[in-house]
Amino acid sequence: MTALPLIVFDVNETLLDLETMEPTFQRIFGDRSAMRLWFANLIMYSAALTVAGCYVPFTDIGSAVMKMLADTRGINIDDGDKKELTEKFSTMPPHPEVPAALRKLRDAGFRLFTLTDNLLEVQTRQLEHGGIVDLFERRFSADGVKHHKPSRQAYAYVEKELGVEPSRLCLIACHTWDTLGAVAAGWEAALIKRIGNDVLGVGPQPQIVDDDLNGVADQLIARHGART
């Protein structure tokens, strides 16, 4: 049997429930949907800064984007608001199916890792708070290579650290920009269609698509003939 791929997970929204941050945006902006605009801009500007050759830590971009959005709406935010944003972002709970689905993959023989744009200490706190940190063999941060996803360097960093070819890796994410980067780098990819996320009909496509991690896990186990 061919060796199972090493599975690398995105963290924010893929594993953890981003919507739990909405009350903070409701309080500050009077609009729960401002959270989605903030997150979309956070991803856009992390990519834009990376393309421009300017690395800024993810949490710093998040705070700056929050202030930018507030400024466009004539809303004043203070250090307490920024601290609350960081705190909520660091303590998002896992989606309900995530812990059991991760254990299913491990029991089937897959080795599990993470790759996130978060600083390693933020990622570690997130996964510890969610009670799932011990399910991952190793955790990677884009900070280690100073390139945010979906830059090729972010994925190459994991390849180098694990000492494997791109074809040995599979990314699981709920963001098409992330699976696009992984497939373009030669990885396998699976897309979870979390709320507000779906397949983009152009560019490199993920090999697996499902509505939650449990469905993705079942497809991976069947695709690779893993033990059950």
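1. Basis of the note. The structure is a predicted model, in which local features need pLDDT of at least 70 and side-chain atom pairs count only at pLDDT 80 or more, while totals for chains, interfaces and linings use all residues. Residues are numbered from 1 along each chain as its sequence is written, and side-chain values use heavy atoms, with hydrogens and water left out.

2. Salt bridges, and the pair Glu13 and Arg36. The search of the whole structure returns 17 salt bridges, the term standing for a side-chain nitrogen of Lys or Arg within 4 Å of a carboxyl oxygen of Asp or Glu. In one of them Glu13 pairs with Arg36, with 2.7 Å between the closest N and O atoms. Glu13 belongs to the loop between strand S1 (6-9) and helix H1 (22-29), whereas Arg36 belongs to helix H2, so this pair ties together parts that are 23 residues apart in sequence; helices (H or I, at least four residues) and strands (E, at least two) are DSSP runs, numbered from the N terminus. Glu13 is buried, its relative accessible area being 2%, but Arg36 is partly exposed at 26% relative accessibility; here buried means under 20% relative accessible area, exposed over 50%, and partly exposed in between (1.4 Å probe, protein chains only).

3. The pair Glu137 and Arg111. These side chains form a salt bridge with an N to O distance of 2.6 Å. Since Glu137 sits in the loop between helix H6 (120-129) and strand S3 (138-141), and Arg111 in the loop between helix H5 (98-107) and strand S2 (112-116), the pair ties together parts that are 26 residues apart in sequence. Glu137 is partly exposed, at 48% relative accessibility, and Arg111 is partly exposed as well, at 38%.

4. Asp178 meets Lys149 in a salt bridge of 2.8 Å, N to O. Asp178 lies in helix H8 (residues 176-184) and Lys149 in the loop between S3 and helix H7 (152-162), so the parts tied together are 29 residues apart in sequence. Asp178 counts as buried at a relative accessible area of 0%, and Lys149 is buried at 1% relative accessibility. A network of salt bridges links Asp10 with Lys149 and Asp178.

5. Ile172. This residue is part of strand S4 (residues 169-173) and is buried, with 0% relative accessibility. Leaving aside residues up to four places away in sequence, Ile172 has contacts with Ile7, Val8, Phe9, Asp10, Thr14, Ala190, Ile192, Leu213, Val216 and Leu220, a contact being heavy atoms within 4.5 Å.

6. Met44 is located in helix H2 (residues 34-51) and is partly exposed, at 43% relative accessibility.
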